[in-house]
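Here are my notes on the model you sent.

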2 protein chains.
Amino acid sequence: MNAELIIIVMALLSIVTAIFYASRVVRIKVGAEGGNVEQNKRLIEIAAAISEGAMAFLLREYRVILLFISFMTVLIFLLLDNPKTVFNEGAYTAIAFVSGALISCLSGFVGMKIATAGNVRTAQAAKTSLSAAFRVAYDSGAVMGFGLIGLAVLGLIGLFMAFTGLNKDIPVHILMESLAGFGLGGSSVALFGRVGGGIYTKAADVGADLVGKVEKGIPEDDPRNPATIADNVGDNVGDIAGMGADLFGSAAEATCAALVIGATASALAEGDNYAALLYPLLISAIGIPASLITSFFARVKENGNVERALKFQLWISTFLVAIGLYFVTDIFMIDSFQIGEQTITKWNVFTSVLLGLFAGMFIGWITEIFTSHSYKPVREVADACETGAATNIIYGLALGYKSSVVPVVLLVIVIVVSNLIAGMYGIAVAAIGMISTIAIGLTIDAYGPVSDNAGGIAEMAELGKEVRDRTDNLDAAGNTTAAVGKGFAIGSAALTSLALFAAFITRAQATSKAMGEGAIDLTSIELLDPWVFGGLLFGAMLPFIFSAMTMKSVGKAALDMVKEVRRQFKEIPGLMEGTAKPEYAKCVDISTSAALREMIPPGLLVLLSPIVVGYFFGVKSLAGMLAGALVSGVVMAISMANSGGAWDNAKKYIEKTAGGKGSDKHKAAVVGDTVGDPFKDTSGPSINILIKLMAITSLVFAEFFVLKGGILLPFFK
Amino acid sequence: MNAELIIIVMALLSIVTAIFYASRVVRIKVGAEGGNVEQNKRLIEIAAAISEGAMAFLLREYRVILLFISFMTVLIFLLLDNPKTVFNEGAYTAIAFVSGALISCLSGFVGMKIATAGNVRTAQAAKTSLSAAFRVAYDSGAVMGFGLIGLAVLGLIGLFMAFTGLNKDIPVHILMESLAGFGLGGSSVALFGRVGGGIYTKAADVGADLVGKVEKGIPEDDPRNPATIADNVGDNVGDIAGMGADLFGSAAEATCAALVIGATASALAEGDNYAALLYPLLISAIGIPASLITSFFARVKENGNVERALKFQLWISTFLVAIGLYFVTDIFMIDSFQIGEQTITKWNVFTSVLLGLFAGMFIGWITEIFTSHSYKPVREVADACETGAATNIIYGLALGYKSSVVPVVLLVIVIVVSNLIAGMYGIAVAAIGMISTIAIGLTIDAYGPVSDNAGGIAEMAELGKEVRDRTDNLDAAGNTTAAVGKGFAIGSAALTSLALFAAFITRAQATSKAMGEGAIDLTSIELLDPWVFGGLLFGAMLPFIFSAMTMKSVGKAALDMVKEVRRQFKEIPGLMEGTAKPEYAKCVDISTSAALREMIPPGLLVLLSPIVVGYFFGVKSLAGMLAGALVSGVVMAISMANSGGAWDNAKKYIEKTAGGKGSDKHKAAVVGDTVGDPFKDTSGPSINILIKLMAITSLVFAEFFVLKGGILLPFFK
């Protein structure tokens, strides 16, 4: 069977599925399902405001990103242009880079467009029934899920075929290194998407809550709150565009890492065996039909359990992918191949993929235990609110730290076992395995903010309590699955980074070996080498300073927002009484400007650190830095995401049980929730990108660092 | 000149100095300086209650520690008894271990005894003048400072002379490895001292504040608060005994690491060159006269600047030590020696020591900038209280993360440069250099809680506003220098751990080489080896879970305390009116029990992790784990200490300026301060011990791990 053909067909299937779901959503006419004229008019108005705000932000963000892409393209072209070689690596890498970046932007744009169409339609469907509303929200998410992975796979296979077709004389492992530019492109967009989107959404959220809920005592999403539109826009730009770009990056990078490492096995690098070389893409490809079948099971009865339905989705897709993978491995993978001195059989590879797949499931499950108020940990945090905000914070932080143990141990097991049986290739395919159900994972992730928005729109358009109850029901389930999704995201980021890191070392070693006499000796990267250890310590600090920057950015932007909201309540007569309209656009503008301004410094930190360290201190320091950032970043990202999730749900638990809104206990819980906002939605998830992006930057510029890097080292001799 | 003799003389000088200062303190008669009879009676009563509580805790803690020491002694004896060798390493290591542990206990005991005698005398002297009170507090601290380093140096030189004298045929590098038991002993006591003391002090502090200040609105140290005696006891057991044991451990461990590494240089290991081998002890020895001279300059005029006087102490001692070191190096160090393939000159060694010494100064200075409210960072945190507790927490955490950058960069510079010029020996002597002014550093550290206690006693005994103002003045300066002291402690812990880590690897490699055929190949510890990298990730998680345990312990113990204090206010009639006395002893008992109960699990985590990992997964995994814990632990310890210090001082800043006590802004600041308490006084500083203790445990058991460890590895072949 022709692997290329199957991959293309699956990618197209995915895109067609996305188009199908999109058409199902937009076909629904807003305002058609009864309700009075006034209500429908409000519905359309509010939805338009959110949609416009989201698009305005996205376009302004993309303008910044475009500038950055141009700059990076030139940089790649210049630094990687090695006139001594026949193959213009700079040009090819630049092409891959631009493709990755643009496809990521496109995915984000489409996802956002449909999410802002789906939210109002979900709210409207909630007038009819829970099951109808669920379906609309799910369908909107599916557009993102299927569209994104379809485009990613199509882009990668297209570039692969073009590169190999145009350069028949160039060894395929060199071509694959250029292909890594695709991952770099996707991840660069993700950086700005995650950081910018994260700052936007939390500035609006924290700002809206601090004045609206805490000072004025009006409910969430109350139309009198000037920041409420910005808050709803934030859900889209942070959780849809940001999350999508993050996972797009993971999928692209993990695949690139596996391709680069796989191409060093001569057995895979031969033209006849391209099917086996393309195995990483086949893993993603087989996830598409598995996800499609899974999506047929997505339904909820009236009064049904939404959360269970969503979790069921993850289980089915995992199960189906596992079966599909068995056949894919058997048919396309060659019986065994060599990487270095290690012999790897096809079943070793299969085992590694499964390890990643099921470790992801487990990490998701553990994440749920630590962040859902159905379990003891979150209830302990809620109980700690009894003695005030301080004990709430202490318990919540401790919970986050503690929650990292099991995921870390699982990752260690995956790393050690898959490495022992299949080398670094094993780790790379384990990373792809972990996100092979990405179409479903992302559908569920995007479902969350759509439901959340639907609730906001229902409240603002005053659709009534029954409608709001239904959207709340949808939203609550989305919160839990969002936490689970974050577990997947960080787990896959850890494995992906390690695989990229290994690919970087492999490539640097090959380059140094090829240079022969005079080149730096990279045969061993010793842990106790002062440059390596210095890099390790320096790298371990990077996630901390990065988090400090993003958290403070949220704090500063929220402060701006608070001032504006307070001003409007003070200066607009009749606002509190509901007789005058707030100036929503001003708040949207504050979040937009703040996000765009504040995303630059942490973005530069991530992009420049590897380049500066590699250029001035060479490959060994850079290797240490990557390892340090990876290990401290993983633990920190898990801790932050889970502390944040736990505080959020501890607050909800108190609202539902003893205490209730307005009690001292609830006030203490709100403090935790507010601290948790940047933890779980800005800093924590951004660390994923930090570790992946630094690793892929190192990989792409590996040759440059070996040839021209380490310029300060001679002074220390 | 005879190096041994000089070291012994200096150690005795230090002990005599301590006895001199002790006699100066206890000579002062409590109640002799006028004041009415009732006041004096109260003064004596309160001081006795604090002293009894502190001693009761210490004795119960030592009982637990004694049990542990017995267990470890047997373990060391059994695991290190290698019948194949002539030299009974187990026995010698066990002797060194017991000596280290007992001397550490003795230092803690003496320090505590004098601190609880000094506190009441400081309060009494504050009736006369600021300068008199300052001198009493300083003298009390000096007993701890000089006594501790004197005993440490005396113990080490005594063991050195005994070991080398009794075993003239055994190579000195094997003897030095046994001597490392001394460091392990000291550090084990430090573990329980820091963790137990940290939990005690913060449970009492948080408990007293939450009910007293927040619920009842009575001032700090109000005699009506049942937890107030426990709170004052806590200052002694946490900040005196805990801090002392920590720095005793650092001094002993850094010296052991340098001796172990130095002994691998054949030039130093020859009998004629023992003076050069003893260079690490000479660094500490020369610090003693330098500190003694410095202590003559310790004076403050009435209305003088206490903080400047204390900081001046650090500068003078640093300057004097630097000069002394020049001569010591020139006289005792041999011109050059070889370690492995590296040639190290005496001036390379000198440069490394100076690097450590001045890096410590810089780290202290940076710590001050991030934790004193004279500078912008803390003021920003104070401003963030404007919008509530949540923004205060966000800003404070971000400040802590950010504050790690400069210390980490400084440590990286020290590590890289001293390693390049003097190998791992350079790092070890840099660590000793950083704490060569320990006598003064510890004096100032111990001065803090004595002044703090004096303030508490003045308040409880109602000595009047003028007295309280003087003690507050002393206490405020102590807070800043405490933060600086923590900077030193973590910096030296990082360098010490790295040196120990290197000594461990050196020893493991030597053992594996000596075993020849069949032994595990340790010639290179590759960063990308799956066992190493798995260990690295696992190790990076350890400081997080350790912090989770200690923070939750504080939370739990504080909760018990809150309940008891509430009960007393409810059940004892007339307590709030001041007509009835609270049951102080019950609160003391709660803190004591909680601390002893809660210190066991984190203690076991630290002690067992290296043994379990080394035994089951072998030396490579253990090396990875140590490196991971070191790099993430250092950043975390700095962040936690500085966040805590910043919150504390942000609150004080608000009290002094706009807002003031009772305002909303102040309430928000109190939340940060309460979260910061376990950060800066329990979890943060305990991480120092975590990284040092795991490294020295690995060093002591290195041979065992190579010979018998890694039992699970064959299953993965």
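Predicted model: local features only at pLDDT ≥ 70, side-chain atom pairs only at ≥ 80, totals over all residues.

1. Between chain B and chain A, eight residue pairs are in polar contact, both partners being at pLDDT 80 or more. On chain B, six helices each supply at least two residues of the side that touches chain A: α13 (389–403), α14 (405–434), α16 (465–515), α17 (530–571), α19 (600–656) and α20 (664–700). The largest share comes from α17(B), with 21 residues. By class, this side of chain B has 54 nonpolar, 13 polar and six charged residues.

2. Extent of the interface. The contact takes 73 residues from chain A and 73 residues from chain B. The area buried between the two chains is about 6,500 Å². Carbon and sulfur atoms give 84% of that area.

3. Charge pairs across the interface. Side chains of opposite charge can pair when their charged atoms come close. How many salt bridges does the rule find across the interface of chain B and chain A? The count is two. B:Glu380 forms a salt bridge with A:Lys552. Their closest N and O atoms are 2.6 Å apart.

4. Salt bridges in the whole structure. Over all chains, the structure holds 82 salt bridges. B:Asp246 forms a salt bridge with B:Arg194, with the closest N and O atoms 3.0 Å apart. B:Asp246 lies in helix α6 (residues 228–262) of chain B, and B:Arg194 lies in helix α5 (residues 172–216) of chain B, so the pair ties together parts that are 52 residues apart in sequence.

5. A helix pair in chain A. Look at α3 (residues 89–125) and α4 (residues 130–166) of chain A. Their axes come within 9 Å and cross at roughly 170 degrees. Angles over 145 degrees count as roughly antiparallel. Therefore α3(A) and α4(A) are roughly antiparallel to each other. The contact of α3(A) with α4(A) has 19 nonpolar, seven polar and one charged residues.

6. Backbone points to check. Most residues other than glycine have a negative phi. A:Glu462 has a positive phi of about 55 degrees, although it is not a glycine. Where does A:Glu462 lie? It is in the loop between α15 (438–460) and α16 (465–515) of chain A. In chain B, phi of B:Glu462 is near 50 degrees, again a positive value in a residue other than glycine. B:Glu462 is found in the loop between α15 (438–460) and α16 of chain B.

Key
Residues numbered from 1 in each chain as written. Chains lettered and ligands numbered in written order. Heavy atoms only, no water. Contact = heavy atoms within 4.5 Å. Buried area = accessible area lost by both parts, 1.4 Å probe. Salt bridge = Lys/Arg side-chain N within 4 Å of Asp/Glu carboxyl O. Polar contact = N/O pair within 3.5 Å; in protein donor to acceptor, adjacent residues only side chain to side chain. Helix = DSSP H or I, 4+ residues; strand = E, 2+ residues; numbered from the N terminus. Nonpolar A, V, L, I, M, F, W, Y, C, P; charged D, E, K, R; others polar. Axes fitted to C-alpha atoms, helices over the stretch in contact; angles between N-to-C directions. Parallel < 35°, antiparallel > 145°, perpendicular 65-115°, else oblique.
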